[in-house]
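Please prepare a briefing on the structure below.

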Amino acid sequence: MSSSSNAKYVQRGRVIRINMLCTDVPQPSAADIADRPTLTDSDLINLTRRQYIDKATLDSPACIVCHAKMNEMGYVSGNFDSIGRFVKTEKIFNLSEQVVATHTIDPVATPKITESDSQTFNNMVDFQNALAQSDSAQSCLARRTVQFFNRRIDNVSYDSCRLNKIDSLVKAKGSLIDVFVQNFKMQSVMYKRSN
């Protein structure tokens with residue numbers, strides 16, 4: 001959810017990359033931001049939000065590295081506005097929150113769940129199903145579960161046994177309840193001492 005009237009596709013894609021795929025997406029440097037193309041008020045009105053974002057990010061060699069991983073992942077969610085309502089058209093607002101343009105939304109995207117992935121999705125439902133079935137998202141869920149229960153970033157060498165067990169449970173299509181119960185049954189959790 002967002003309080004902004006304009007869809008935040010890049011932020012959506014970034015959240016999915018970081019939180020659901022455990023992919024690091026670095027913050028841009030001040031030089032990267034200064035190098036991005038200059039857009040006009042005319043661009044804001046005449047381009048769709050998607051075209052506007054691509055022009056601002058993919059035409060810059062410094063920006064394209066990260067935005068190629070985030071933009072498409074956000075575009076596939078285009079049919080949902082900032083509070084989760086289904087929409088077919090986007091309204092472009094100016095800084096005074098006045099509608100300055102309306103465009104048809106194109107949610108078709110190739111979000112690359114993995115580096116070699118070339119699947120194109122027509123909508124968010126198809127993408128969600130593929131994301132839920134992907135090894136990358138399932139492994140990330142295992143990592144986030146271990147991090148949550150340990151209240152710290154996971155350590156691959158120290159937590160490998162636990163990560164493997166949870167990852168196996170997730171991939172075996174066990175329910176989240178099974179994952180949590182099995183997590184608590186592990187000796188490393190049962191006999192963990194509080195400091």
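E97 is partly exposed in this predicted model, with a relative accessible area of 48%, where buried means under 20%, exposed over 50% and partly exposed in between, for a 1.4 Å probe and protein chains only. As this is a predicted model, local features need pLDDT of at least 70 and side-chain atom pairs count only at pLDDT 80 or more, whereas totals for chains, interfaces and linings use all residues. Residues are numbered from 1 along each chain as its sequence is written, and side-chain values use heavy atoms, with hydrogens and water left out.

**Positive phi and the hairpin**

- E97 lies in the loop between β1 and β2, and its phi is near 65°, a positive value in a residue other than glycine; helices (H or I, at least four residues) and strands (E, at least two) are DSSP runs, numbered from the N terminus.
- The hairpin of β1 and β2 to which E97 belongs has five residues between the strands.
- β1 and β2 (residues 99–104) run antiparallel and are joined by five bridges, where two strands pair if DSSP finds at least two bridges between them.
- The bridge partner of I92 in β2 is A101.
- K112, in the loop between β2 and α6 (124–133), also is not a glycine and has a positive phi of about 50°; K112 is partly exposed, at a relative accessible area of 35%.

**Buried positions in the helices**

- M73, in helix α5, is buried with a relative accessible area of 0%.
- Leaving aside neighbours within four places in sequence, M73 is in contact (heavy atoms within 4.5 Å) with G13, I16, R17, L21, P111, K112, I113 and F127.
- M73 and Y9 are 64 residues apart in sequence, yet their C-alpha atoms are 7.8 Å apart in space.
- Q147, in helix α7 (residues 135–150), counts as buried at 12% relative accessibility, and its contacts, with neighbours within four places in sequence left aside, are R152, I153 and D154.
- In α4, the buried residues are R49, R50, I53, A56 and T57.
- Seen down the axis of α4, these buried residues fall within an arc of 135°, so they line one face of the helix, the arc being that of the directions from the helix axis to the C-beta atoms.
- The cover over the buried residues of α4 includes α1, α3 (41–46), α5 and β1 (89–93).

**The largest pocket**

- The largest pocket has a volume of about 880 Å³; on a 1 Å grid over the protein atoms alone, a pocket is an open set of points where a 1.4 Å probe fits, with protein on both sides within 12 Å along at least five of seven lines, and lining residues have an atom within 4 Å of a point.
- Of the 34 residues that line this pocket, V10, Q11, R36, T57 and H67 are the closest to its centre.
- At least two lining residues each come from α1 (9–21), α2 (30–35), α4 (49–57) and α5 (61–75), and α5 supplies the largest share, six residues.
- The lining has 20 nonpolar, eight polar and six charged residues, with Ala, Val, Leu, Ile, Met, Phe, Trp, Tyr, Cys and Pro counted as nonpolar, Asp, Glu, Lys and Arg as charged, and the others, Gly among them, as polar.

**Overall fold**

- The protein has ten helices and two strands, which run from the N terminus in the order α-α-α-α-α-β-β-α-α-α-α-α.
- Of its 195 residues, 38% count as buried.
- Among contacts with a separation of 6 or more, 53% are between residues 24 or more positions apart.

Terms used. Grid points are joined across faces, edges and corners, and a volume is the space filled by probe spheres set on the points.
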